[in-house]
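This briefing goes through one protein chain by topic.

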Amino acid sequence: MPSWKKIIISGSDASLSSLNTSGNVSGSSTSTGSFGSFEVAGNSRFAGDVDIHKTSGDLSVTLKTTTGGDPSLHFDSLAASRSGLITFNDQGTAAGHIKYHHTDDSLNFHQGGSATPTLKLYGDNGEFKGDIVSTKANG
């Protein structure tokens, strides 16, 4: 028989100083109203993958500063000679990705599932695959 434990925090300014878990944290905003939002003050660390999921509509992640600082998104591998990747999928199928390659210090833009970049930038130069077409006159 499982041993169930429940944490109830209520009031207009309720807070919990710490919470350590070894499993899932879940709640339901539709059936119990227990998880309308989740806010963590200060720095937070996750030891595994973080999956943000929304069942319908557009999902957004916002990085906002309230004191005039510059919001930043950092990719930092603790191992040497690693690359960073941002992937775009459409219904689970690769629609494109942006990858930083450590080996040649380049930033590569890929369309679809192509392994060959459409645009490759490194140093002060850019390398293009295909024709460069201007759609707007200069001046």
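Strand 2 (residues 93-101) and strand 3 run antiparallel and are joined by six bridges. The model is a predicted one. Its chain has five strands and zero helices, so the order of elements from the N terminus is β-β-β-β-β.

**Strand pairing**

- Strand 2 and strand 3 make a hairpin with four residues between them. In that turn, Asp105 has a positive phi of about 50°.
- Within the pairing of these two strands, Gly96 stands opposite Gln111 of strand 3.
- Strand 1 and strand 2 are also antiparallel, and seven bridges join them. Strand 1 covers residues 84-90.
- The hairpin formed by strand 1 and strand 2 has two residues between the strands. Gln91 lies in its turn and has a positive phi of about 55°.
- Two of the facing pairs here are Ile86 with Ile98 of strand 2, and Asp90 with Thr93 of strand 2.
- Strand 4 (residues 119-122) runs antiparallel to strand 3, with four bridges between the two. Leu107 stands opposite Leu121 of strand 4.

**Strand 3 and His110**

- His110 is found in strand 3. Its relative accessible area is 9%, and because buried means under 20%, His110 counts as buried.
- The side chain of His110 reaches the backbone oxygen of Ser114 at 3.1 Å.
- Leaving aside residues up to four places away in sequence, His110 touches Gly96, His97, Ala115, Thr116, Pro117 and Thr118.

**Salt bridge**

- How many salt bridges does a search of the whole structure find? The search finds one.
- Asp104 forms a salt bridge with Lys120, and the closest N and O atoms are 3.1 Å apart. Asp104 lies in the loop between strand 2 and strand 3 while Lys120 lies in strand 4, so the pair ties together parts that are 16 residues apart in sequence.
- Side chains of opposite charge can pair when their charged atoms come close.
- Asp104 has a relative accessibility of 32% and therefore counts as partly exposed.

**Nonpolar surface patch**

- Phe46, Val50, Ile52, Leu59, Val61, Leu63, Leu73, Phe75, Ile86 and Phe88 form a nonpolar patch on the surface. Together these residues have about 1000 Å² of accessible area.
- Phe88 belongs to strand 1. With a relative accessible area of 43%, Phe88 is partly exposed.
- Ile86 is a member of the patch, and its bridge partner in strand 2 is Ile98.
- Leu59 is found in the segment before strand 1. Its relative accessible area is 47%, so Leu59 is partly exposed.
- Leu59 touches Ile52 and Lys54, not counting residues up to four places away in sequence. Ile52 is listed in the patch along with Leu59.

**Whole-chain values**

- What share of the 139 residues in the chain is buried? Buried residues make up 6%, and His110 is one of the residues that are buried.
- The chain exposes about 13300 Å², of which carbon and sulfur atoms supply 49%.
- Among contacts in the chain with a separation of 6 or more, 0% are between residues 24 or more positions apart.

Definitions and conventions
Residues numbered from 1 in each chain as written. Predicted model: local features only at pLDDT ≥ 70, side-chain atom pairs only at ≥ 80, totals over all residues. Heavy atoms only, no water. Patch = residues over 30% accessible without salt bridge, like charges linked within 9 Å, V, L, I, M, F, W, Y side chains within 5 Å. Areas by Shrake-Rupley, 256 points an atom, 1.4 Å probe, with all protein chains shown as cover. Salt bridge = Lys/Arg side-chain N within 4 Å of Asp/Glu carboxyl O. Buried < 20%, exposed > 50% of the residue type's maximum accessible area, 1.4 Å probe, protein only. Contact = heavy atoms within 4.5 Å. Pairing = 2+ DSSP bridges. Polar contact = N/O pair within 3.5 Å; in protein donor to acceptor, adjacent residues only side chain to side chain.
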